[in-house]
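Trainee: I should like to learn how to read the features of a protein model. May we work through one together?

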Amino acid sequence: MGNRVKRAKTETATTLYPEWSSFHGELCELIEKWMNGHMEQNISEVHLISIPVSERGECLKGCENHHMDWLIENDTNYDVTLRIADNRRMCLPQKSAMLWSDISLWDALHRYTYKVIVIDPPWPSHSVRRSNSYQTLQLSDIKGINLSTMAITNTVVAVWVTNSIKVIQCALECLSEWNVEIDHLIVWLKYSDNNQLVCPLNSTHRKPYEICIVGTKSVSDAVRPSLSQLLQRPIKIIKSPRDAHSRKPFLGDYLTSICKCDDPTSRSLELFARTIYPNWVCAGNEVPAFNEILE
């Protein structure tokens, strides 16, 4: 009985979802070759700089206090402390700003332009819906995000996606609407404490990686690539342990290093953020989740 169930699940993944199987099969093949020492021309590793923040990420979730729904800025050269609900305190890093709100109040972000924009949407997900770990958005909500006045020529835009083909295609559609030409992919390989991938590369149900699509704001209409064309772009590999659920590695320094935007007044922005970083504007309804000051 167990073998019959296992075969049925495998057939579901490979037969009923051929696009998923084809896309991830090709990507896994590229990753496996790279891991085995084959020097693939378009794959290289990126080493990120770690920024220490609080280890706790749930304690501030859902706190209602007077800091919510306002764009709060710290334009000083030092970190400041904000008091929040239940006598808790959070750190607002130097030269940073936060907008602790949902997507409906993000018009305040349009007062700036940005040289780097990172977007980590709460994509619709069956597993998240079952666990009720956080609130997700519909694809139509994410398509409605307006970057028209925030992204300028040569702004680097990075969008984290799930491994769902519908989500990846939606992200490609959004990037095309925003006139962002896709430059490369970042693939975050997630490792466990024993330095092993969190699951096999050839797993038919989940993958040990997450993908971030990176592009540059163009002056002309951007070309939307197909899924197969997407994998022909250069791939940057990040290797790091899995962190708190849905928390991604900080890409800020890397993205800033490749940015060719020459506007000295532009800033860096993360949408759907869960951590506030120095010199960044961060927005989301869980934005200070990892900025609590622990006693």
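Mentor: Let us begin with the cavities. A cavity, on a 1 Å grid over the protein atoms alone, is a set of points where a 1.4 Å probe fits but cannot get out. By this rule, the model holds two cavities of 30 Å³ or more. A volume here is the space filled by probe spheres set on the points, with grid points joined across faces, edges and corners.

Trainee: Before we go further, what kind of model is this, and how are its residues numbered?

Mentor: This is a predicted model, in which local features need pLDDT of at least 70 and side-chain atom pairs count only at pLDDT 80 or more, while totals for chains, interfaces and linings use all residues. Residues are numbered from 1 along each chain as its sequence is written, and side-chain values use heavy atoms, with hydrogens and water left out.

Trainee: What average pLDDT does the protein have?

Mentor: The term pLDDT denotes the predictor's confidence in each residue, from 0 to 100. The protein averages 84, and 82% of the residues score at least 70. Over residues 1-16 the pLDDT is below 50, and this stretch has seven contacts (heavy atoms within 4.5 Å) beyond near neighbours in sequence. Residues 53-64 also have a pLDDT below 50, with 35 contacts beyond near neighbours in sequence. Where pLDDT is low, the predicted coordinates should not be read in detail.

Trainee: Which residues are closest to the centre of the largest cavity?

Mentor: A lining residue has an atom within 4 Å of a cavity point. The largest cavity contains about 180 Å³ of space. Its lining has 17 residues, and Asp 120, Lys 248, Pro 249, Glu 270 and Tyr 277 are the closest to the centre. To classify a lining, count Ala, Val, Leu, Ile, Met, Phe, Trp, Tyr, Cys and Pro as nonpolar, Asp, Glu, Lys and Arg as charged, and the others, Gly among them, as polar. The largest cavity then has nine nonpolar, three polar and five charged lining residues.

Trainee: Which classes of residue line the second largest cavity?

Mentor: Its lining has nine nonpolar residues, with no polar and no charged ones. The residues are Ile 119, Pro 121, Trp 123, Ile 142, Ile 145, Val 159, Ala 171, Cys 174 and Trp 178. The space in this second cavity is about 40 Å³.

Trainee: How many helices and strands does the protein have?

Mentor: Helices (H or I, at least four residues) and strands (E, at least two) are DSSP runs, numbered from the N terminus. The protein has seven helices and 12 strands. Among contacts between residues at least 6 apart in sequence, 74% join residues at least 24 apart.

Trainee: Which strands pair with strand 12?

Mentor: Two strands pair if DSSP finds at least two bridges between them. Strand 5 (residues 96-100) runs parallel to strand 12, joined by four bridges, and Trp 100 stands opposite Gly 284. Strand 11 (residues 267-271) also pairs with strand 12 in the parallel sense over four bridges, with Leu 269 as the bridge partner of Val 281. Strand 2 (residues 71-74) pairs with strand 5 in the antiparallel sense, and Ile 72 stands opposite Met 98.

Trainee: What is the phi of Lys 95?

Mentor: Most residues other than glycine have a negative phi. Lys 95 has a positive value, near 55 degrees, and lies in the loop between strand 4 (89-92) and strand 5. Asn 279, in the loop between strand 11 and strand 12, has a positive phi near 70 degrees.

Note on methods: On a 1 Å grid over the protein atoms alone, a cavity is a set of points where a 1.4 Å probe fits but cannot get out, and a pocket is an open set with protein on both sides within 12 Å along at least five of seven lines; lining residues have an atom within 4 Å of a point.
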